[in-house]
Amino acid sequence: MLGIDFLGSQFWPLLILLCPLAAFVVQIFIGRFLPRKGDWVSLAAIGISLLISVACFAQVLIKKDPHFTAGFPSYQWLTAGMFTIKMGILFDNITAIMLVVVTLVSFLVHLYSVGYMHGDIRYSRFFAYLSLFSFSMIGLVLSNNLLSLYIFWELVGVSSYLLIGFWFEKVSAANACKKAFVTNRVGDFGFFLGILLIIFFLGKTEYGEVFNALKMSRPVDFTEGWLTFAGVCLFMGAVGKSAQFPLHVWLPDAMEGPTPVSALIHAATMVAAGVYMVTRLYPVFTPDALLVIAYVGGFTAIFAATIALVQNDIKRVLAYSTVSQLGYMVMGLGVGGYVAGFYHLWTHAFFKALLFLCSGSVIHALHSQDLRDMGGLWKKMPITFVAMTIGTLAISGFPPYFVSGFYSKDGILGATLALVMERPQHFVLAIFGFLGAAFTAFYMFRLIYMTFTGHPRDEHKYEHAHESPWTMTVPLMVLAVLSICSAGFFSGSEWFGDYVQKPESAVVMAHVPAGAHEAVAGSEAVHEGGHSTEHAAHQYAVILSILIVFISITLATLTYYHKFKKISAEKIAERLKPVYNLLYNKYYIDEIYEKFIIRPVVRFTKLCSRFDSGVIDGAVNGTAKATVFAAFATGQHDLKVIDGAVNGVAQTVIAAGKGAGMMQTGRIKNYFAWAVGGMVCILGLIYLLLLRR
Amino acid sequence: MDYLSNFYSNPEIIKYLRDVFLGAGAINQSHILSLMTFVPFLGAIIILFIPRQNKDLVRAVAVVATGIPLLLAAQVFWVFYTQGGAQMKFVEMYDWIKPFNIQYFMGIDGVSAPMVILTALLGFICIFASWNIEKGVKAYFALFLILETGMMGVFCALDFFLFYVYWEVMLLPMYFLIGIWGGPRKEYAAIKFFVYTLAGSVLMLLVMLAMYFNTNIAEAGPNAAQHTFNLLLLTNQNMHIGILQNFDMRLLLYIGLFIAFAIKVPVFPFHTWLPDAHVEAPTAISVILAGVLLKMGTYGIFRISFPLLPDMAQYTSIGLAVFGMINIIYGALCAMAQDDLKKLVAYSSISHMGYCLLGMGALTAAGMNGALLQMFNHGTITGMLFLLVGVIYERAHHRNVDGFGGLATKVPVYAGIMGFAFFASLGLPGMSGFISEALCFIGGFEHDYLHVITAVSTLGIVITAAYLLWTFQKIFLGPFNNKYDNLQEINGRELFTLVPLGIIVVILGFFPSIILNIMGGGINTLMNIISKGAGHWSW
Amino acid sequence: MDLVFGKMLDNLIIIGAILFCLGIYTVITRRNAVGILMGVELMLNSANLNFVAFSKFRWGMPDGQVFVIFVIILAAAEAAVALAIILSIFHNFGDIDVDTKDLLKE
């Protein structure tokens, strides 16, 4: 490849990382003053990153080594006593794949935004934020240790905050960005706790070192229970970032951001970060933790899919579809389908970005996001229509040799089925998986039919609709091609297995008897010992999923395609009114959070504040008042008692003087008598004191 | 002949000071610390001789009088950056009140150097933040400069008595600065601050005397005093006699010291002076209050409580961490409920100082480094926040969070900087606050019994994010409130006060080792003293 | 003889004391100024008696007797002055009842 070894040194990976950062710095400070408001700066930066990423990817492809890791040194970043954190770059196959996903989608979204955001008052700011996001996401992918992962994790969150709230004049956008960040923070709380646990027990942060330490020298007190707990904590981060139930609420709201942002961040890259993290740290998770992951993912998959069935906002449908697909990935990882889960991340990135950009194209043309305003658009926007159809086929898992989604989703379903066959008590997972697939096909075709076929529902808007400019359609075309061929040019999922292989679990189950091993580490056993089961499961899964997809596409066609209309959606909705309402209102999750979490918390903070100013400050002021009172009392005491005593002495003297004055009768006889009395006294005293010896 | 023998004839003492603290460093060769401390004081005196009408000259003198310490601080930074912070540097030692062995003993190590730098920096910046003061300019700047003398001295003093003197010196200007140039309830706030802090000082005085009279430095020679106020010597547990050998008395002394410092930090439940003082104080004084004064509390624990009574530091470490946890959570919850922006920032200060306490309670290297770094970072970040609050207050004449709305369209630069400061405050990685908070948590986790406390404290980052972003939304996002059509964008002078702090926040966010390497040596020395001192007692 | 004279001093002192007490009694109880003057004379003479007694029976020296002569002379002078004052009082008040006279109070 050009005679350059892109993975020979850290230079090229670092360049991938730093280009967008440089673009961000340039854009935020002087972007406004540049020609074209500097969109080319960001575009060029991410373009360079893309080129290098692709070059690196190509080199990795050529190497065809599933255990390839470029050995880069780590640098000491900070030291605090014995505790040090090193920073470095990890570059292996997963990194290469993720880098391509991130930079490619990012580049296309940059390009698309040139058209989509044209004329926005904060045009250059938008590109600055996009660059910041690209930087953070690339950093996240290149990290080689937990702490830098967390750092970029948070930076990604911030760029998402900035981009969701880009049109902050809208109250809904302002709310959404805050909600996104805070909800993510809740997940990050767990994530950080998990990192702390690992640091505490192992004292290491670098992935490799952590896995080694777990395998070789796991401290005795780092029991499986703790490890499971740490795993679940780490997974909480993914729950937040990848919008898994119960922290999924932010993602649909995040659609308030500009559509390219939705495509980039909330479909293809950032939300995949959670899945990526689980992939990266896969060896850390115990079987129990993986089960938790599988259930959360499976539930999210079906839960979000049901909501998507009835939504009328085109972006909201896609948002819930994203949540659902992320659930698939997470479930895939949880049930042990490591390759399938990550593969789905890869394929999903392309077709979901495609779908979002298509929806953006539609929104750009119609200035409306409501499906009920659309219809018959295929004539006006043929490129968008074709692209979106390809995306829909991909996400629905339309049968073999055509689009990518089929392979990855099939892989996940197969892995799930394999687990269920091994351990039938988890049959619910399979139901989640297959039913979710059915719903997915249904709501996506509903979307297509309502948008592009039939008669225009809003003639006025239809009149003004037009195909988008080339900067917007080119990304669509590229992504459409990629949606098809990202599955390795019709070769299925085998090629992926050459590069991504399930890592060995670092968790050595210490005290598990031989017989119980299967029961506890079931999902592990499936892949290690039960290849025939797995194979069979995949066969079943393929047949089942094809069947399900066809049935649900047929149903969707019968319901929504204008030439059939055999089934009335309205009637069904009418008949199942409570269910419909429940789904339409997203299971009232937001309301429940509002009522049972947010409001009580706010009320509690008010209580705290009142406690603070009332009780604590009251105590302080009370002390002050008590002191003042004491001072007053002391003052009174001073006035009355002490000063009183002084005056009292004076008065006594006066009184004594008066009393003595009484003696002074002026009568000579009395004087004499006193004199005699005095003399007698003196003599008496003299007698008593001196003479009575 | 060792220079120290001019002061101490006992070779044991000289050896202890040299081995543990001073190394082979020279004494009385550099007078940087005295200069940094007393140049502002000199400036204050000069200002008193300037005619009242000549306001600009007053300000210029103030700039020079704080600028010189800032330049010297740069030199201090460089020396520490190149040589590490394990030993006391720039040491000055003179007899002050000979009969009582009170010395003019100044010196800084890795623990105090960042604080000295922070003080010099904020002092300089606050002069510019006070540029708009028109009432009693002379008095204001003179008092401010005296305040800086006091603050600088506290961080440099190595003699308990000297420390106490500086501690009190700083109090009085503060009282007047709040009480004269403050807001509507300034008298109340000023008195509350003054009396509260003074109450703490009394405890410190008692402990100081108890320590003094119960040490025996075994000086030979006629009329030689047996006691010492030397903070470095007092760390030598061998010299502790009398009541200092009694467990209960030591605990009592430790608690006394803790309360004295806790009031300054402030630790729940001694924190209520802070919202009042912050809200009423003028902007620059709020910055100094939050940026420097609060640090004196934690610095006192670092410099006095821990090394002097190391066994008690270990004995009560969990308690300290619990206080930290309460501060973090409670401060954040209270902050969430505030309508007044300045009060909100004040409560967030309480919350953020909790991280320091948590890290200190851990008594691990990571935790202590985190706490010290958090002290520095909180100074810069909260300094920014208060400056920003001052900016909006100057324009809108109110600080009610709900009274704004959509300002980001009108004042984008201001909104951007505010957003920056908010994100720094909520511990965003890439900014300095994150590293210190993370280190505090890591340190807390390394302690054997603090897992649950640390885990609960981690919730603080969620609440902090919630209230800061909520506030940001209320002020800057959403539809524009037309009342503020004439709102002025932030001006050059204000930018000049904010940008340096912002740059420091970012640089330390990416390269924390710049300052961690300075702190590390000091913390290392401190940890050695603690573990050795605690080993001396076998309770 | 010694026996008689040995006790002589005691007897004389007792007689002097009795005389003195009588004088005091007279001075205090009499309302008549001339009566008081007589009481004073009694007291003076009791003192004289003591002088003579000690001079003769204790020290055997004449000093005491010389003193007595002086006292008698002075007493005569005093009586003269006192009588003059009494006469003056009688002239001014019309009587010599001392109980009603409290000019000293002024």
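1. Let me start with the interfaces. Chain B and chain C do not touch, and their nearest C-alpha atoms are 63 Å apart.

2. A word on the conventions before going on. This is a predicted model, in which local features need pLDDT of at least 70 and side-chain atom pairs count only at pLDDT 80 or more, while totals for chains, interfaces and linings use all residues. Residues are numbered from 1 along each chain as its sequence is written, and chains are lettered from A and ligands numbered from 1 in the order in which they are written.

3. On the A–B interface: 37 residues of chain A meet 45 residues of chain B. On the chain A side that touches chain B, at least two residues each come from β2 (75-80), α5 (146-164), α6 (171-202) and α26 (589-663). The largest share of that side, 13 residues, belongs to α6(A). Sorted by class, the side of chain A that touches chain B holds 25 nonpolar, five polar and seven charged residues. Here Ala, Val, Leu, Ile, Met, Phe, Trp, Tyr, Cys and Pro count as nonpolar, Asp, Glu, Lys and Arg as charged, and the others, Gly among them, as polar. Helices (H or I, at least four residues) and strands (E, at least two) are DSSP runs numbered from the N terminus.

4. On the A–C interface: nine residues from chain A and nine residues from chain C take part. The side of chain A that touches chain C divides into four nonpolar, three polar and two charged residues.

5. Now the overall form of chain A, which has 27 helices and four strands. Its radius of gyration is 38 Å, well over the 26 Å that the globule rule gives for 693 residues, so chain A is more spread out than a compact globule. That radius is taken over C-alpha atoms, and the rule is 2.2 Å times the number of residues to the power 0.38. Along the principal axes, the C-alpha atoms of chain A fill a box of roughly 150 × 70 × 60 Å. Of the 693 residues of chain A, 52% count as buried; buried means 20 or more other C-beta atoms within 10 Å of the residue's own, exposed means 12 or fewer, and partly exposed is in between, with C-beta atoms placed from the backbone.

6. A compact globule of 539 residues would have a radius of gyration near 24 Å, and chain B has 23 Å, which agrees. Its C-alpha trace spans about 80 × 60 × 45 Å along the principal axes, and buried residues make up 63% of the 539 residues in chain B.

7. Leaving aside residues up to four places away in sequence, A:Ala353 touches A:Val105, A:Ala263, A:Ala267, A:Ala268 and A:Leu479.

8. Helix α8 (residues 224-241) of chain A has 18 residues, 14 of them buried, and α8(A) is followed by A:Ala243, whose phi is positive, near 55 degrees. In chain B, ten of the 14 residues of α17(B) are buried, among them B:Tyr414, B:Phe422 and B:Phe423. After α17(B) comes B:Gly427, with a positive phi near 75 degrees.

9. Finally, a caution on confidence. Chain A has a mean pLDDT of 82, and 94% of its residues reach 70 or more, pLDDT being the predictor's confidence in each residue, from 0 to 100. Over residues 510-529 of chain A the pLDDT is below 50, yet this stretch has 31 contacts in the model beyond near neighbours in sequence. Where pLDDT is low, the predicted coordinates should not be read in detail.

Definitions and conventions. Two residues are in contact if their C-beta atoms, placed from the backbone, lie within 7 Å.
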